[in-house]
Amino acid sequence: MLGPKAYEPNRDIYSPNRNIAPISSEINESEKLIVGGCQLSELAKTYGTPLYVFDELSLRTACKTYIDSLNKHYPGDSLPLYASKANSSLAICALIASEGFGLDAVSEGELLTALKGGVKGENIVFHGNNKSHDELNFAYKNNVTIVIDNHHDIELLKIIASEKKPAKLMLRFTPGIECHTHEYIRTGHLDSKFGFDPDDVKSVLEELKTYDWAKLTGLHAHIGSQIFEVQPHIDLAGVMADTLKLAKEIGHSIVDLNLGGGLGIKYVQEDNPPSIEEWVEVVSKAVVKACGERNLDLPRLMCEPGRSLVANSGLTIYQIGAKKVVPGIRTYLSVDGGMSDNPRPITYQSLYSACLVDKPLNLNLEKVTIAGKHCESGDVLLKDFYLPSCESGDFLAVFGTGAYNYSMSSNYNRIPRPATVIVGEGCVELTQRRELPEDLLQLDVLPDRFITKN
Ligand SMILES: *Cc1c(COP(=O)(O)O)cnc(C)c1O
């Protein structure tokens, strides 16, 4: 058996997070890869590369599966929120809102995108461990629910909110739950920069009760990202129900219980995450049980999927350029993007899967390393990967790039960001235009005295 290699057929069309490629992917009679009814090599020729491609069917299916599963397995009200830091754009915000999702945001930029994309303020939750006065004011004015993360938030809101229009608040605390994921994306353990320490929760709840400008309606915890086990979320339901009970005793009327996001996705063949329905079922039953044991009314259940909604809906098309063979060691194929459009491999050593869009079948495989074009030796997208023999000019699709690629992208080396298109039923629409080198100069200011006169 060879190592990691190219395209594999989809398995679970109801849970896009369990397939490497978008669920509408198919290989046509001439053995070319089609997504959303569009031939990827044609998209690359029309829109240029690198190109982010979103499959509308995968995105809508993931949304529908979350909503249907909540309706099926949770007897109370529910509202899933899209964690928009995974990929924030007008088109995606509008799409998830049309599917009945609310949204969570962590900056004024994400709030603005969501509001302009048509998400209602009352369906938005605002997070962050260091929100500024202006950000809080913007959220407050737009009727967004603010997640109190620390005392700094409380001090700023004292200035902003009034008795006439109390701020709608959720309280975030660290539940003290460990899960197996990358250190940088773990948030539930006690040594985390996010949320109140569990030992402080009681006094904060008591403090909030004394303010007439504060209306605490929810509790929040988020334990991490790319999680494949379900046990941490079962434990979390218990911890949150305890806190719900405490808040009730102190006199708060809490209606929302928000268990955060974190469901993992399939990046490579070995990954085997739970399905969206399994995850929702486990979380729902755990909340029902935990509330039952404590004689609590069922809260409105909120969850905040990011990655599991968008990652496998997206892929990136690159064009292969230079080839360098280091005899007996490695063959480098360089593509026209890299760490500026996908910083995950260099940041988290993340693994991806890829295939040649016009030679998707696993024939005549050769071991190659796909390198980006940036001035860092670590700018490698796929190391020791198997692809059919290919040449300069071929197009490569890297799967699972819909989450935390565009949103973490940069202009390192002053490389413009790719365009984004959304595909479905044979149609393609541009949702983000490609940046141009001139766009990168727009915010530069050159003081007169620096201009060389000759
Ligand atoms: C990152 C984050 C999420 C989303 O996590 P995913 O793993 O992408 O589902 C949800 N809630 C909060 C508070 C987060 O920080």
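Me: What are the ground rules for numbering and confidence?
Reply: Residues count from 1 along each chain as its sequence is written, and in this predicted model local features need pLDDT of at least 70, side-chain atom pairs count only at pLDDT 80 or more, and totals for chains, interfaces and linings use all residues. Side-chain values use heavy atoms, with hydrogens and water left out.

Me: Why is Leu-446 called exposed?
Reply: Exposed means over 50% relative accessible area, buried under 20%, partly exposed in between (1.4 Å probe, protein chains only). Leu-446 has 57% relative accessibility, so it counts as exposed. Leu-446 sits in the segment after helix H12 (437-441). Helices (H or I, at least four residues) and strands (E, at least two) are DSSP runs, numbered from the N terminus.

Me: How do you know that the buried residues of H1 line one face?
Reply: The buried residues of H1 (residues 40-47) are Leu-40, Ser-41, Leu-43 and Ala-44. Down the axis of H1 they fall within an arc of 160 degrees, so they line one face. That arc is taken from the directions from the helix axis to the C-beta atoms. Exposed Lys-45 and Thr-46 are on the face turned away from the buried side. Just after H1, Gly-48 has a positive phi of about 85 degrees.

Me: What makes E2 and E3 a pair?
Reply: Two strands pair if DSSP finds at least two bridges between them. E2 (residues 33-35) and E3 have two bridges and run antiparallel. Therefore they meet the definition. Ile-34 has Gln-39 in E3 as its bridge partner.

Me: Why are E1 and E3 edge strands?
Reply: The open sheet has the order E1-E2-E3. E1 (26-27) and E3 (38-39) each have a single partner strand, so one side of each lacks a neighbour in the sheet.

Me: What makes the unit of E11, H9 and E12 right-handed?
Reply: The test is a clockwise path from the first strand over the helix to the second, with the strands pointing away from the viewer. E11, H9 (residues 276-293) and E12 form a right-handed β-α-β unit. Three bridges join E11 (residues 256-258) to E12, in parallel.
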